Amino acid sequence: SRSTSSTSKLTKGNGTVDEEVAKRHWQAMVQQGLRNYACKNPEVFRRRARRGVPMEYRWQAWKAALGLEERMQPGLYQEYVQADNQWTRLIEIDMPRTFPDIEFFDKEQQYSLLRILKAFANFDPEVGYCQGMN
C-alpha cells in the first residue's frame, strides 16, 4: 500500500521500488563502464554511491571509485613475493605461531599469509614487518 510520506518506499517482491530503480541505474552505469561514467558524471556517481550500491555492483563500484584499473601494475605482486628481504626469516618463524589452535588456518593458509606479509615488506620496506601484522 502507498503511504503519504515522501520518504516511504513501496514494496515490490523481495525489495522496494527504490531498490529496483537503483539496480536499473547501476546496471545502466555498468553498461557504460563505471569508471567512465564516474569520470563523466562525478556528482551523479557519488550521489548514487551514497544512497547505496546494490550488492551485485559493489566490487565494480569500488574499483571505479578508486581508479583501480589505472593503478594496477601487472606482475608487481609476483616480484614482491619472490624477493627475499630482511624480514623473510622472521615471518617464516612467526607463521606456525599464528592461530595454532584454529584448524582452518592450516599450512596452506599460513603460506598464503607468509606470501602477503613478505610482499608487503618488500612493497613498504620502511614499515617492513612486525609480529602484530599476522
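These questions and answers explain some of the terms used for this predicted model.

Q: How many helices and strands does the chain have, and in what order do they run?
A: The chain has 8 helices and 2 strands. From the N terminus on, the elements run β-β-α-α-α-α-α-α-α-α.

Q: Why is Thr88 called buried?
A: Buried means under 20% relative accessible area. Thr88 has a relative accessible area of 8%, so Thr88 is buried. Thr88 sits in helix 7, residues 88-94.

Q: Why is Trp59 called exposed?
A: The label exposed calls for over 50% relative accessible area. Trp59 has 57%, so Trp59 is exposed. Its place is in helix 4, residues 58-66.

Q: What makes Trp59, Trp62 and Leu66 a nonpolar patch?
A: Patch residues have over 30% relative accessible area and no salt bridge, and nonpolar side chains are joined within 5 Å. Trp59, Trp62 and Leu66 form such a patch on the surface. Together they have about 410 Å² of accessible area.

Q: Which residues make up the largest nonpolar core?
A: This core has 10 residues in all: Trp26, Met29, Leu34, Tyr37, Ala38, Phe45, Val53, Tyr57, Ala61 and Ala64. Helix 1 (17-32), helix 2 (34-40) and helix 4 each give two or more residues to this core. Helix 2 gives the most, with 3 residues.

Q: What is Phe45 in contact with, leaving aside its neighbours within four places in sequence?
A: Phe45 is in contact with Trp26, Met29, Leu34, Tyr37, Ala38, Ala61, Ala64 and Ala65. Contact here means heavy atoms within 4.5 Å.

Q: Which residues are among the 9 of another core?
A: Phe105, Leu114, Leu117 and Tyr129 are among them. This core of 9 residues lies apart from the largest one.

Q: What share of the chain is buried?
A: Buried residues make up 26% of the 134 residues.

Q: How much accessible surface does the chain have, and what share belongs to carbon and sulfur atoms?
A: The accessible surface comes to about 10200 Å². Carbon and sulfur atoms hold 52% of this surface.

Q: What share of the contacts with a separation of 6 or more joins residues 24 or more positions apart?
A: Such residues account for 53% of those contacts.

Conventions:
Residues are numbered from 1 along each chain as its sequence is written. This is a predicted model: local features need pLDDT of at least 70, side-chain atom pairs count only at pLDDT 80 or more; totals for chains, interfaces and linings use all residues. Side-chain values use heavy atoms; hydrogens and water are left out. Helices (H or I, at least four residues) and strands (E, at least two) are DSSP runs, numbered from the N terminus. Buried means under 20% relative accessible area, exposed over 50%, partly exposed in between (1.4 Å probe, protein chains only). Patches are made of residues with over 30% relative accessible area and no salt bridge: like charges are joined within 9 Å, nonpolar side chains (Val, Leu, Ile, Met, Phe, Trp, Tyr) within 5 Å. Accessible areas come from the Shrake-Rupley method with a 1.4 Å probe; for residues, only the protein chains shown count as cover. A salt bridge is a side-chain nitrogen of Lys or Arg within 4 Å of a carboxyl oxygen of Asp or Glu. A nonpolar core is a set of buried Ala, Val, Leu, Ile, Met, Phe, Trp, Tyr and Cys residues joined through side-chain atoms within 4.5 Å.
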